[in-house]
Amino acid sequence: MAIQHAVSGEPVIVLPPANAPGERQTVALFKTNELEVMRVVLPAGKSMPAHKVAGDITVQCLEGSIAFVGEGGSSQVLEAGELLYLDGGVVHSLTGIKDACVLVHIVLRK
């Protein structure tokens, strides 16, 4: 099934049902000139390697839990319902602790 990107003014499914494995994947939900919103799926043990983006970000854990490692190696656990804000340009990585789904907002800088 093709991923449906958000259209202005219309709802989009952020957290697909657990019984729909083909829909439980990392995907950009929408991207404009100023903002990108992504659903990131991280099964337990899977990592998103260290990287950085120019703009500020938020990472909101929707289900499961993740280890969030920031610049300098500081590590924090995000559980379902928790949100973390990070300044742009900071190197970070994510690792699934319990099968996790997170919502990431990235402010795009020109």
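Author: Let's start with a term: a nonpolar core is a set of buried Ala, Val, Leu, Ile, Met, Phe, Trp, Tyr and Cys residues joined through side-chain atoms within 4.5 Å. This is a predicted model, where local features need pLDDT of at least 70, side-chain atom pairs count only at pLDDT 80 or more, and totals for chains, interfaces and linings use all residues. Residues are numbered from 1 along each chain as its sequence is written, and side-chain values use heavy atoms, with hydrogens and water left out.

Reader: Okay, so how many residues does the largest nonpolar core have?

Author: It has 17, and Val59, Ile66, Val102 and Val104 are those with the most contacts inside it. Strands S2 (35–42), S4 (57–69), S6 (83–86) and S7 (92–107) each supply at least two of its residues; strands are DSSP runs (E, at least two residues), numbered from the N terminus.

Reader: What makes Cys61 count as buried?

Author: Buried means under 20% relative accessible area, exposed over 50%, partly exposed in between (1.4 Å probe, protein chains only). Cys61 has 1% relative accessibility, so it counts as buried. Cys101 is buried too, because its relative accessible area is 1%.

Reader: How do you know that Cys61 is in no disulfide?

Author: A disulfide is a pair of cysteine sulfur atoms within 2.5 Å. For Cys61, the nearest cysteine sulfur is that of Cys101, 8.3 Å away. A search of the whole structure finds 0 disulfides.

Reader: And why is Arg39 called buried?

Author: Its relative accessible area is 4%, so Arg39 is buried. Arg39 sits in strand S2.

Conventions. Helix = DSSP H or I, 4+ residues; strand = E, 2+ residues; numbered from the N terminus.
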